[in-house]
Amino acid sequence: MSTPHVVVVGASLGGLRAAEQLRARGFEGRVTVIGDERHLPYNRPPLSKEVLADPGDNDPARLHGRVEFRRKASTADVDFVLGVPVVGSDLARRELRLESGEVVPYDGLVVATGLRPRRLDLPGPEQGRHSIRTLDDCVGLRTELATLTGFTGLTELTGLNEASTAGRRPSVVVVGAGFIGCETAATLVKRGCDVTVVEPFGAPMERVLGADLAGAVQRHHERAGVRFVLGASPAAYTDGAAAPGRVGGLLLADGRVLPADLVVESVGSVCNTGWLAGNDLDLRDGVLADNDLRVVGAEGVVAVGDVARFPNPLFDDVPRRVEHWSIPTDTARRAATTLLAELTGSAVDPAPFAPIPSFWSDQHDLRLQSFGSPGLADEARLVEGDVDRLADGVLVTYHRLGAHVGTIAVNLPPARQRELRDDFVARVPAVAIPA
Amino acid sequence: MKIIVDLNLCQDHGQCAIAAPAVFRMTDEGKLEYEEIADEARRAEVEEAADVCPVQAILIEG
């Protein structure tokens, strides 16, 4: 096998970084990246923030241009096959099946198909239900918002009676108070919408932030105009009075109806692993991989990004998926080394793979910056600041059985990021890593 | 290599200063300062800084 062909399935951040890292390690064989979206790889975090916030131009190509990742010179000869879902695979024969029926052979495979939003299975009208993960999702939401708020950019929307909302603020219900839901709520309030967040469980982002910080962030949102309905479950969408077939409200299980000109569902994600079915892999939650990102039960296959379930010895030996923005880049680096070792006989990386998960979230005037995995903690400790004055700066550390597993800084100065990360690295027990 | 940061995009996340502290740093006022020309020996860390920038504001030329 003198010039192996590597196929990367998934053309978002993880797939792009995998292609780059193969080239960065001197791989000269063919690299093909296949993605089901029609766009070249782009950065998703702005979709719930900057891109959604801007009421201007709604042209998909121009919006894509604002968030597209730069193409590195090293990947100029990488073949991007876009708008093409991979629907099946036979990993023993090293073959993929496209929606068209075409079979694509490979020597090495990178699984980078990521997630798609989980959608609510509720009765009622379909129009006006949104999720926000892809650029096209964002364009769809922006298009409806533009119509509701009277902005006359692209108004190809059908079925919406503009008169029905004229002269009042559009009502938006966000279902799900996770990070994307809270960012979306903050952005839409800024755009002049009347926003209610419905969450069946706990306070916003509580699973990650812990109860105290989550409660404080909720109060901060409320002061900015976001309403929360917690502990309530959505039961059905109701018809709009002026436009049957369009969502007019959300009926809760307790009988209340929240008016809604549109709804954003941000209720978690589903892993895109259906195309891997039938290969005896462990697909219970993403795809199971070892610490080198080798997919367990297959040869010549590695996984990257938030679909990869792998153990991180920084915390323990339990394989987990990590939906943090830093993870596609980190896993792509290691997965490329692992795959090339298998395909070309180059060296494996002998060090344990122990990436430091990191994410940020901008909501109103707050920036939350996280290092580690606060979601693993059983205890949160306020180290600096006053949670009732979040904008002035707060530092919380997260602990599991006393061991430091995460750090979240709210509005602390950028000059301190390095110190906070170094401090986390110094304290995390990293039990399985030999000194 | 030449480094260009689009300061209209930069939101002072400070992740570049973690990845390549010899080239990027955040001032006490929270603003970015960086070397416009970096030694070739620092290419790996500068590329890492560009990759981890949340708003992808860092461009490397040459």
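Reply: For the 435 residues of chain A, a compact globule would have a radius of gyration near 22 Å, and the 23 Å of chain A agrees with that (the radius is taken over C-alpha atoms, and the globule rule is 2.2 Å times the number of residues to the power 0.38). This is a predicted model, in which local features need pLDDT of at least 70, side-chain atom pairs count only at pLDDT 80 or more, and totals for chains, interfaces and linings use all residues. Residues are numbered from 1 along each chain as its sequence is written, while chains are lettered from A and ligands numbered from 1 in the order in which they are written.

The C-alpha trace of chain A spans about 70 × 55 × 40 Å along its principal axes, and 47% of the 435 residues count as buried (20 or more other C-beta atoms within 10 Å of a residue's own, with C-beta atoms placed from the backbone). Chain A has 10 helices and 26 strands (DSSP runs numbered from the N terminus, H or I of at least four residues for helices and E of at least two for strands).

Now to the pair itself. Helix α1 (residues 13–24) and helix α9 (residues 326–344) of chain A have axes that come within 8 Å and cross at roughly 45 degrees (axes are lines fitted to C-alpha atoms over the stretch in contact, with angles from 0 to 180 degrees between N-to-C directions). That angle makes α1(A) oblique to α9(A), since angles under 35 degrees count as roughly parallel, over 145 as roughly antiparallel, 65 to 115 as roughly perpendicular and the rest as oblique. The crossing of α1(A) and α9(A) is right-handed (the near helix is turned clockwise from the far one by less than a right angle).

On the α1(A) side, the contact is made by A:Leu13, A:Gly14, A:Arg17, A:Ala18, A:Gln21 and A:Leu22; α9(A) brings residues including A:Pro328, A:Ala332, A:Arg333, A:Ala336 and A:Leu340 (contact means C-beta atoms, placed from the backbone, within 7 Å). By class, this contact has eight nonpolar, four polar and two charged residues (Ala, Val, Leu, Ile, Met, Phe, Trp, Tyr, Cys and Pro count as nonpolar, Asp, Glu, Lys and Arg as charged, and the others, Gly among them, as polar).

The contact between the chains takes 15 residues from chain B and 14 residues from chain A.

Conventions: Two residues are in contact if their C-beta atoms, placed from the backbone, lie within 7 Å. A residue is buried if 20 or more other C-beta atoms lie within 10 Å of its own, exposed if 12 or fewer, and partly exposed in between; C-beta atoms are placed from the backbone.
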